[in-house]
Structures are given as C-alpha cells and as structure tokens.
Amino acid sequence: MTHKLAFVGFGVVGSGLAEILLDKQDMLANQVGLEAEIVAISDLNLGSIYHPDGLNLQTLLDVVEEDNSLENYPEHPGLIRGWDSLQTIRQTNADTIVEVTPTDVETGQPAIDHCREAFQNKKNLITTNKGPVALQYKELSALAEENGVGWGFEGTVMSGTPTLRMPTVSLSGNTINEIRGILNGTTNFILSKMEEDMTYDDALAQAQERGYAEADPTSDVEGHDILYKVVILANVVMDVPLAKDEVECQGMKDLTAEDIDEAKSEGKRWKLLARITHQDGKVQASVKPEKLSLDESLSSVMGATNAITYECDLSGPITVTGAGAGRLETGFSLLTDLINMNKTRIYEMR
Ligand SMILES: NC(=O)C1=CN([C@@H]2O[C@H](COP(=O)(O)OP(=O)(O)OC[C@H]3O[C@@H](n4cnc5c(N)ncnc54)[C@H](OP(=O)(O)O)[C@@H]3O)[C@@H](O)[C@H]2O)C=CC1
Ligand SMILES: N[C@@H](CC=O)C(=O)O
C-alpha cells in the first residue's frame, strides 16, 4: 500500500529526500517494501501544491530546480494550490508529514505546532528539525503515542549517521555515562578550512553553499545547534531530562587564524566539542572549543564529518564517525525513519 507523504518545508533536506525517493524507487519497493508517494508540499519560499493522487516527482524536482518555485508545476484536475503548513498537515490525505522547516533555537516554532497538529490528526511525522525534540521531547512523544502514530527524528543529531537509533537499539542494556563528540558539520568544516589558510568568511560561505549551515548560521558558529543536539542526546539516549539552560555553551567564532596557527605549532588542533556526563544522578553538559593533541582520535575528524563516542559500561567506548550535515546524507536520515515507520505500518496491516 502506497505511503503518502506531505512535506512542510522543501529546501536542502526536503529536496534531498525527494531525490532519493525518485532515484531508489524500485530498490525501495523491492527490497524494503516502501512505495512512497509525495502528495503535498507546503514551503514558505516555493509555494504549495497538493494532489490526493500524488505529484510527479521528476516534474516536481525539475520545476523547483529551474524556477525555485512551484508556480510552474503543471495544472491538472484535482490540483490544489496555496495551502499553508497547518492546512497541509490537517487536510491532505498524507499518512506521514515530513517536517523540514528551519530550526528555531529560541522557541522551536513553528515546528512544535506542526508536530502537535500532525499527531492530533493521527498522522506520523518525521523531522530533522531539532526544536521539537530538544524542547518538547516528552510531551510530543506522549502525544504521538496517545494518538497511535509514529515520530521519527534520527537526522536531528549527525544527519544520516545513526546517532540515535544505534545507541537506543543496538547498545541498549548498557548504561551510558558519558557522550562526547564533534556534532556540527559547519563549524568543523570552517575550522578545517581555516587550518588550510582559508578565511573564516570564505569557509562559512562554502559551508552555506554546500547546504551544511543552518538558515541562520549564527546558530552553528555560536554553538546553539550543538546545544540542541546535546539536549536531544541527554533526553533520548541517556533518558535524563536535561534542559537547554543547563548546558554551558560557547561557540567558535572568537577563535582567530592566530589561535589556529598557534595550536598547529604546538602539535594541537582546536575542535568545538560537546560533552555530557551523567554520574551519581548529576548531569553536566557543555559545548566549547577545546585544544586537542593530534594523537587524540577526535582531532583527526575533519571537514563536515562528525564523530561521537558513547562511554558504555558493558561494551566499552563505542565511536561512530560520519556525515554531520549534507543534502543526501540528511535526506537519508529521513528515509531510515520512513522505512522503520513503514515496517510498523505493514506489520499492523497484516
Ligand atoms: N542541512 C543539513 O545538512 C541539515 C539540516 N538539518 C535540519 O533540517 C531542517 C531543514 O534544513 P534545510 O533543508 O537545510 O533548510 P532550508 O533552509 O534549506 O529549507 C527550509 C525550507 O523551509 C521553508 N520554511 C520556513 N518556514 C516554513 C513554514 N512555516 N512552513 C513551510 N515552509 C517553511 C523555508 O522557506 P524560506 O527560505 O522562505 O524560509 C525553506 O524553503 C532544519 O531544521 C535543519 O536544522 C538537520 C541536519 C542536517
Ligand atoms: N547546520 C548543521 C546541520 C545539521 O544539523 C551542521 O552544520 O551540522
């Protein structure tokens, strides 16, 4: 049975998932039983379209690439234009909402309302938006459960690298007392490029062109994006109710080319590190630049690549390295949520 999707937001990540669904259509149907169809897109920049029988994926991607607008998506009977995000969530026949609007690091809105609206209307939701998970994890998880729908957010930490499902599924049974890592692609990319003598401004511009940075990159360079990821890891992986105000947060924008050269001459390297420790009922969490010696494994993680270490009481330290940002990488994180959700749906229909 076709799994109908409605996208709220269709920028870098949303279009990344759409491209994957088009390119891997046959493989997904044959190997994992996923037959997905996009029925609606509502995007502040591109406009919005809905057709209950589905949109043509190739045409959709072509008009977005050519016109940066949905206006020239061909008219045909039954096509509805102009619905906003809440109408799209409420009134379309989508089974699952793909929420990929920019993360608001102060309020988490409007994404939190998008999640509430989806769950109250008995629709699953998958998202890479950190706001709802960092600020309302417990409330929204309960609401999804109460309404018998699924909520997937694998890509909120480290993009398509399985940073949440891996510890909660494969490492379960361990107590994880410490998590540390490099959790932001943009800032790790900037620091790597500055070491090659590129200016901060040029490196940030490249990170934006490649689709790594947040809509407002202040969130990356001031550490707020990592702070949200720290809160998500504490709540989801460690089951500790850490709030954002409890995290010490310092970004990387005060690091100068001189600081980076000085570290180099000492055989060291600056990294923007996240740390969470949970010991004797006490949690401590921070985001700040740290000077690492070159023989420490995290110091060799370069570019938009990220890495995370889980200190586990039974299995010992487990480190995962992989993409921290990127169009297809983050699109893939949504695909994994969708595949998992679809398996439950197939199982429930049997
Ligand atoms: N890019 C990446 O590598 C990663 C991104 N993420 C997260 O994924 C989410 C999406 O990121 P990305 O695709 O890069 O962002 P983009 O800025 O490329 O795309 C977001 C789109 O959503 C639109 N939008 C904004 N507000 C609304 C709204 N209320 N209703 C409908 N559409 C809206 C934007 O329009 P307009 O431009 O007019 O505002 C824009 O077209 C973010 O929350 C980000 O933090 C997570 C992991 C990695
Ligand atoms: N802007 C973020 C994207 C993923 O969360 C980053 O650079 O890591």
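The buried residues of helix α5 are covered by elements that include β1 (3-8), α4 (85-91), β5 (96-99), β6 (124-127) and α6 (130-146). This is a predicted model.

**Helix α5**
- Helix α5 spans residues 111-120 and is mostly covered, with seven of its 10 residues buried.
- The buried residues are A111, I112, H114, C115, E117, A118 and F119.
- An α-helix has 3.6 residues a turn, so residues three or four places apart point the same way.
- Just past the end of α5, K122 has a positive phi of about 60°.

**Annotated domain**
- An unreviewed UniProt entry places the feature "domain: Aspartate/homoserine dehydrogenase NAD-binding" at residues 9-153.

**Ligand 1**
- Around ligand 1 there are 29 residues, of which G9, G11, V13, N45 and A325 come nearest.
- Two elements, α1 (12-23) and β2 (36-43), each give two or more residues to this shell.
- The largest share, three residues, comes from α1.
- Domain 1 (3-158 + 328-349) and domain 2 (165-325) each supply at least three residues to the shell around ligand 1.
- By class, the shell holds 11 nonpolar, 15 polar and three charged residues.

**Ligand 2**
- The residues surrounding ligand 2 are S159, N184, G185, T186, Y212, A213, E214, D220, D225, G324 and A325.
- Three of the shell residues are nonpolar, five are polar and three are charged.
- A325 is listed around ligand 2 and is also one of the residues that come nearest to ligand 1.

Note on methods. Residues numbered from 1 in each chain as written. Chains lettered and ligands numbered in written order. Predicted model: local features only at pLDDT ≥ 70, side-chain atom pairs only at ≥ 80, totals over all residues. Buried ≥ 20, exposed ≤ 12 C-beta atoms within 10 Å, placed from the backbone. Helix = DSSP H or I, 4+ residues; strand = E, 2+ residues; numbered from the N terminus. Contact = placed C-beta atoms within 7 Å. Near = placed C-beta within 6 Å. Nonpolar A, V, L, I, M, F, W, Y, C, P; charged D, E, K, R; others polar. UniProt positions renumbered as here; feature names shortened; annotations may be inferred. Domains from an automatic or database assignment.
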